[in-house]
Amino acid sequence: SVKALEPLREVIAEVDEDLEMREHAVFALGQLEHADTMPMLLEIARNQDEPHLQRAAFFVLADHDTPEVRHLFEEILLTN
C-alpha cells in the first residue's frame, strides 16, 4: 500500500531509531507491491551508510529478477 511507504521511509532514514527496527522496515518495504519500492530498495543498497541496512536491502533485492537488480549486482561485483 502506498500509505505504508512514507512511514517505512521515515523509519529507515531515522538514524536515532533502533537498528533492528530500521532493518525490519527494509524487509517490510520488500514485501510491498508498489512501483516505488524497488527504487527505494536500490537506493538503500547503493547509498546507505549503515551496513546492516544495506545488507538487508541486498537480501530483499536478491528475490527480484529485474534488469535493475541485475545491473546493481553486476555493478558491485565488477567494481570490487
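Q: How many salt bridges does a search of the whole structure find?
A: This is a predicted model, where local features need pLDDT of at least 70, side-chain atom pairs count only at pLDDT 80 or more, and totals for chains, interfaces and linings use all residues. Residues are numbered from 1 along each chain as its sequence is written, and side-chain values use heavy atoms, leaving out hydrogens and water. A salt bridge is a side-chain nitrogen of Lys or Arg within 4 Å of a carboxyl oxygen of Asp or Glu. Searching the whole structure on that basis gives three.

Q: Which residue forms a salt bridge with Glu 75?
A: The closest N and O atoms of this pair are 3.4 Å apart. Glu 75 lies in helix 5 and its partner in helix 3, so the pair ties together parts that are 29 residues apart in sequence; helices here are DSSP runs (H or I, at least four residues), numbered from the N terminus. The partner is Arg 46.

Q: Is Asp 65 buried or exposed?
A: Asp 65 meets Arg 70 in a salt bridge, 2.5 Å from N to O. Buried means under 20% relative accessible area, exposed over 50%, and partly exposed in between (1.4 Å probe, protein chains only). Arg 70, at 39%, is partly exposed. With a relative accessibility of 65%, Asp 65 counts as exposed.

Q: What separates Arg 9 and Glu 6 in helix 1?
A: Their side chains meet in a salt bridge of 3.2 Å, N to O. Arg 9 and Glu 6 are three residues apart in helix 1 (residues 2–13), so the separation is about one helical turn.

Key
Helix = DSSP H or I, 4+ residues; strand = E, 2+ residues; numbered from the N terminus.
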